[in-house]
Amino acid sequence: MYLTLRQLQIFSAIAEAGTTTAAGEAVGLSQSAVSAALAELESLLGLALFDRISRRLVLNGHGRALLPQARALLAGMADIERRFSTPQQAGAPVRWKVGASTTIGNYLMPGLIAGLLQGNDQAHVELVVGNTREVTSAVQQLQVDIGLIEGPSHEPGLEVARWREDELVIVYGEHHPQAGQWRQGADVAALRQARWLMREPGSGTREAAEQALLPHLHGFAEVLQLGGTEAIKQGAVAGLGLACLSRHAVADLVALGKLQVLATPLPPLTRQLWVARHPGKRVPDSLRTLLALPDEVFSER
């Protein structure tokens, strides 16, 4: 049996595209060449990898079992090419694709990327922002080199480690009916009776707020659900209620005086941020530098 990386690349492209024609466009081959490569791969393995449904090719059980291993091998080859094709020296080109959940991608990563570019103007970081589920899926499918998420993930096939802590603050807007009394702070009873602005259930931001607040408040009198961090911020500015968000996320509006940080008797509120990788991906020094990863996280030594 002599499998080739090209066959696995074509197999992976068909799995993503669903047709040999679209896969051929993705890998720069004709439809007939793609079909021939797939037929050869299935012949070598002695089994079919796809079900032929109408004009589409859909992974069967064998194909689904092979796909993550094929992607891991292709990612390993890409790492080898990236590591050894150019000298490892200061200023050498580095290219990374990072997946990040919403708050991390919008408020933390731009500054980290800017710091990397100051030390190497040839560096290139492509940032893919989505919710936690989308980021972990991208890591699983090797669509990104590493993922940064706002809550722990127990998805199979991933390695997840602690990354950094994120400070949470409670904010309100000057237009809120109780803004005058909140300038002096709020006790636990007032917090419990307030209207809270939150993301949808299942989001990392909603989970972080509930984990930080519920042990002290034991419930919310009213929750107004809004579809994103920016909507929550603007809702707080408009006086709709209180919000518990990352200090990084509200820093701009706090600096402008449109949001105020509420003083409370609660202990400091924090949440843990996490980093996830596919086991087939290594984490080179330039990526460690970008994320300020501790040496013990995903160590290859």
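Colleague: Which residue follows helix 9, and what is its phi?
Modeller: His-218 follows helix 9, and its phi is positive, near 60°. Helices here are DSSP runs of H or I with at least four residues, strands are E runs of at least two, and both are numbered from the N terminus. The model is predicted, so to speak of local features needs pLDDT of at least 70, side-chain atom pairs count only at pLDDT 80 or more, and totals for chains, interfaces and linings use all residues. Residues are numbered from 1 along each chain as its sequence is written, and side-chain values use heavy atoms, with hydrogens and water left out.

Colleague: Where is the kink in helix 9?
Modeller: At Gln-211, shortly before the proline Pro-215, with a bend of about 30°. The bend is the angle between axes fitted to the seven residues ending at a residue and the seven starting there.

Colleague: Switching to strand 5, are its faces covered or open?
Modeller: Both are covered: Ile-146 and Leu-148 on one side, Gly-147 and Ile-149 on the other, are all buried. Buried means under 20% relative accessible area, exposed over 50%, and partly exposed in between (1.4 Å probe, protein chains only).

Colleague: Which strands does strand 5 pair with?
Modeller: Strand 3 (residues 95–101) pairs with strand 5 in the parallel sense over three bridges. Strand 11 (residues 269–277) runs antiparallel to strand 5, also joined by three bridges. Pairing needs at least two DSSP bridges.

Colleague: What stands opposite Leu-148?
Modeller: Ala-100, and Val-275 in strand 11.

Colleague: Why does Ile-80 count as partly exposed?
Modeller: Because its relative accessibility is 46%. Ile-80 lies in helix 4.
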